[in-house]
Amino acid sequence: MGCPIDWDKGLTHLFLDEVHRYSNWSQEIKMIYDSIQDLKIVYTSSSMLEIEKSKVDLSRRQSVYHLCGLSFREFLEYEGVLTLPPFPLDEILEKHVAIAMDITAKIKPLPLFAEYQHHGYYPFYKDSSIDFLLHLLRVVQNVIEIDLPAVCDISYVTVEKTKQLLMYIAQNPPFEPKLSTLFKAIEMSRDNGLKLINLLEKADLLMLFSTKKLNYKQLVIPEKILLQNANIMRALSEKNSSGSAREAFFLNQLRQAHQMRMPPSGDFFVDEKYTFEVGGPNKTFDQIANLPDSFLAIDDIEIGYGHRIPLWMFGLLY
């Protein structure tokens with residue numbers, strides 16, 4: 001794009017990276033697609049880019065795929081430790097003891113899970129020439145300083161406010177916001193602050209959580225805000241809350257294929273059916289004891305029993 005291409009050389013595939021930084025990307029992709037028969041076009045863009053709002057309707061011409069970070073299962077395979085199939089949530093809930101016993105006979109999952117929570121979500125941790133957390137911090141900065149302005153046409157002042165907002169959330173985990181306090185701290189109006197929070201979720205830097213079913217066509221007014229994963233938590237702040245890291249992991253892994261919202265009691269309500277409380281080894285059922293289909297997701301245990309399931313096992317979903 002922006003360079004001449006000789007289409008008569010037997011070209012079958014065209015790969016375009018970060019197209020959102022090119023102002024007329026959608027028009028040019030449409031033109032190429034409609035003009036050159038049998039050409040396969042693959043393009044990447046910022047995760048916050050909403051294709052349905054592009055200037056040219058590409059919906060009938062494209063298949064959109066959202067690439068998640070590595071699951072714990074994928075991390076194990078990427079490390080060459082163990083290859084496992086994905087386990088559906090219902091299978092984990094019903095057969096977690098047998099599954100955990102089979103896995104723990106082959107590996108010790110807890111130290112590997114600790115590694116994953118520190119650096120395993122993004123595959124570039126394998127590059128030994130970089131300081132992973134420092135590099136991840138630079139990636140976050142690039143999303144705010146380069147990707148966000150390219151997509152949203154925001155000012156330098158707004159970019160700086162966005163950094164302040166993200167750092168404020170990172171240093172106060174888990175963030176259950178009084179939005180007025182948050183926006184006062186960064187000297188921003190409520191409307192602009194809500195827009196930025198929602199943009200940061202679309203950029204895969206935040207996860208917004210509410211008691212209501214989320215409608216992504218509207219601005220979400222969150223009741224809890226979590227950083228997108230524990231790796232980002234460690235890159236942005238030394239105030240590492242184990243509780244926030246556990247909740248971030250659980251929400252991050254399940255939201256890929258399941259509906260998630262906050263329940264009246266407990267931490268997570270999944271698919272309008274299951275209630276989960278997430279915690280450490282001493283966590284009890286006190287808060288959710290009388291609820292049907294309720295479970296504990298417990299950190300720092302290898303094998304559970306009954307409705308008490310090891311937290312690491314929820315990283316086997318995809």
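**First stop: helices 4 and 10**

Begin by selecting helix 4 (residues 109-119) together with helix 10, which pack at an angle of about 85° with their axes 12 Å apart. Helix 4 is therefore roughly perpendicular to helix 10, since angles of 65 to 115 degrees count as such. The model on the screen is a predicted one.

Next, display the side chains where these two helices meet. On helix 4, select F113, Y116 and Q117; on helix 10, select A245, F249 and Q253, which they contact. By class, this contact holds four nonpolar residues, two polar residues and no charged residues.

**Second stop: R246 and its partner**

Remain on helix 10 (residues 242-254) and select R246. The side chain of R246 meets that of D299 in a salt bridge, at 3.1 Å from N to O. Because D299 lies in the loop between strand 8 (294-298) and strand 9 (308-310) while R246 belongs to helix 10, the pair ties together parts that are 53 residues apart in sequence. Are D299 and R246 buried or exposed? Both D299 and R246 are buried.

The side chains of E272 and R261 form a salt bridge of 2.8 Å, N to O.

Select E277 and K283 next. These residues form a salt bridge in which the closest N and O atoms are 2.9 Å apart. E277 counts as buried, with a relative accessibility of 3%, while K283 counts as partly exposed, at 24%.

A further selection brings together E145, E160 and K163, which are joined into one network by salt bridges that share partners. How many salt bridges does the structure hold? The structure holds 13 salt bridges.

Select helix 6 (residues 156-170) and helix 8 (residues 190-202), which pack at an angle of about 70° with their axes 11 Å apart. This angle makes helix 6 roughly perpendicular to helix 8. Which residues make the contact? Helix 6 contributes T158, T162, L165 and L166, and helix 8 contributes G193, L196, I197 and L200. The contact of helix 6 with helix 8 comprises five nonpolar residues, three polar residues and no charged residues.

**Last stop: the whole chain**

Finally, clear the selections and view the entire protein, which has ten helices and nine strands. Along the principal axes, the C-alpha atoms fill a box of roughly 65 × 50 × 40 Å. A compact globule with 318 residues would have a radius of gyration near 20 Å, and the 21 Å of the protein agrees with this. Of the 318 residues, 46% count as buried. Among contacts with a separation of 6 or more, 58% are accounted for by residues 24 or more positions apart.

Conventions: Residues are numbered from 1 along each chain as its sequence is written. This is a predicted model: local features need pLDDT of at least 70, side-chain atom pairs count only at pLDDT 80 or more; totals for chains, interfaces and linings use all residues. Side-chain values use heavy atoms; hydrogens and water are left out. A salt bridge is a side-chain nitrogen of Lys or Arg within 4 Å of a carboxyl oxygen of Asp or Glu. Helices (H or I, at least four residues) and strands (E, at least two) are DSSP runs, numbered from the N terminus. Buried means under 20% relative accessible area, exposed over 50%, partly exposed in between (1.4 Å probe, protein chains only). Axes are lines fitted to C-alpha atoms, for helices over the stretch in contact, and angles run from 0 to 180 degrees between N-to-C directions. Angles under 35 degrees count as roughly parallel, over 145 as roughly antiparallel, 65 to 115 as roughly perpendicular and the rest as oblique. Contact means heavy atoms within 4.5 Å. Ala, Val, Leu, Ile, Met, Phe, Trp, Tyr, Cys and Pro count as nonpolar, Asp, Glu, Lys and Arg as charged, and the others, Gly among them, as polar. The radius of gyration is taken over C-alpha atoms; the globule rule is 2.2 Å times the number of residues to the power 0.38.
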